[in-house]
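Open the model in your viewer and keep the selection tool ready. Each stop below says what to select and what is there.

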Amino acid sequence: MTRKKINVALQGGGAHGAFTWGALDVLLADDRIDIAGVSGTSAGALNGAAVKAGLALAGEQAARDNLDWLWDQVAGVQDLRIASWMAPFGPAQVSQALEYSLPYAIGDAIGRMVSPYAYGPFYRNPLTDIVSKFNMDKVCCDDGPQLFINATRVRNGKLRVFRQAEVTLEVIMASACLPTLFQAVTIHDTETGQDEEFWDGGYTGNPALFPLFDRSLPDDIIVININPLEREQLPRTPQQIQNRINEISFNSSLLREMRAISFVKRLIDEGTIQEGQMRRINMHMIADDALMNDLSIATKVVPNGYVIGTLRDAGARAAEQFLDSHFDQIGTGDSIDMRTMFS
């Protein structure tokens, strides 16, 4: 059986990246699919690096094992079932309890008033302990899928896409560097020839799609979306307002690139551009906006075992539903209505 080759584009969104874990686990377990390219930002960068290293080392099961290990580290527990006592309350209630808890409120207030540079020599990026355990020889090698990690260059606000051998521990941490929480990550940038500071890639590419347009890669991109495109409820609290601002800004670059893809395909269909001059990209999406609407910024920045487990299961269900409904469209066309999305 010929396997269908796909690219995956992995959004950032803090601990909500556990949704991507569940979705990737299903995709990796499906022997009809072969992941050829990965573009990841922030939590998507961590997920992408785990998948790349596993596939390069020993194949799909190793990639799934890497994801399990990664999210056990993020959750800070070895068995997510220890938080099962929270299940009767549901993720929305747990999220609200975290958001309105006194420890979170104090931490949020301190984060708004105190710069991460105020800690001086006592500062340490909390992702260091996790990322330093990655098998970087496999993360940046030529085997397995092509890997693209996205970060934002602070000096000029431009997107920097790090590819294959350019990916280092610092690059992964830069991609997940929220400037209000972490100090900028300094990397020698071969594009500019100087040391540059980098912040979270979500501001400029969440995730970047254009690296996946390379003609050596397949025509199909599956976006695993963890920032809801729509919220029916008007944000009212300071935390809700800031969260929605972040969601809108983090989705904007993705929507712009998808609009450009739709425009190019329309020009090809109309004959304005000859077939073959530009690539006809097929767009797909795995998402659960209903669940993401129930969650808050608190569950992005405070890893909670129960919520992470719920997100993982939701991601797996969403991926299964996608494959059940749209597998035949991989390689043939879009499985999302691009024009409706932008109207």
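**Before you start.** This is a predicted model, in which local features need pLDDT of at least 70, side-chain atom pairs count only at pLDDT 80 or more, and totals for chains, interfaces and linings use all residues. Residues are numbered from 1 along each chain as its sequence is written, and side-chain values use heavy atoms, with hydrogens and water left out.

**Whole chain.** Select everything. The chain has 13 helices and eight strands (DSSP runs numbered from the N terminus: helices are H or I with at least four residues, strands are E with at least two). Of its 343 residues, 53% are buried (under 20% relative accessible area; exposed is over 50%, partly exposed in between; 1.4 Å probe, protein chains only).

**Strand E1.** Select residues 4–10. Five of the seven residues in E1 are buried. E1 pairs in parallel with strand E2, residues 33–41, over seven bridges (strands pair if DSSP finds at least two bridges between them). Lys 5 stands opposite Asp 34 in E2.

**Gln 164.** Where does Gln 164 lie? Look in the loop between strand E4 (159–163) and helix H8 (169–175). Gln 164 counts as buried because its relative accessibility is 13%. A polar atom of its side chain lies 3.3 Å from the backbone oxygen of Cys 141. Gln 164 also touches other residues, among them Lys 52, Asp 142 and Pro 145 (contact means heavy atoms within 4.5 Å).

**Ring pairs.** The structure holds four aromatic pairs (ring centres of Phe, Tyr and Trp, the last by its six-membered ring, within 6.5 Å; planes under 30 degrees apart are stacked, over 60 edge-to-face, the rest tilted). Select Trp 21 and Trp 71. Their ring centres are 6.2 Å apart and their planes at 5 degrees, so this pair is stacked. Trp 21 lies in helix H1 and Trp 71 in helix H3 (residues 60–75), so the pair ties together parts 50 residues apart in sequence. Trp 21 is buried, at 3% relative accessibility. Trp 71 is buried too, with a relative accessible area of 3%.

Move on to Tyr 203 and Phe 250. Their ring centres are 5.0 Å apart with planes at 85 degrees, so the pair is edge-to-face. Tyr 203 is in the loop between strand E6 (194–200) and E7, and Phe 250 in helix H9 (residues 238–270). Tyr 203 is partly exposed at 33%, whereas Phe 250 is buried at 8%.

Terms used:
Polar contact = N/O pair within 3.5 Å; in protein donor to acceptor, adjacent residues only side chain to side chain. Lists of a residue's contacts leave out its neighbours within four places in sequence.
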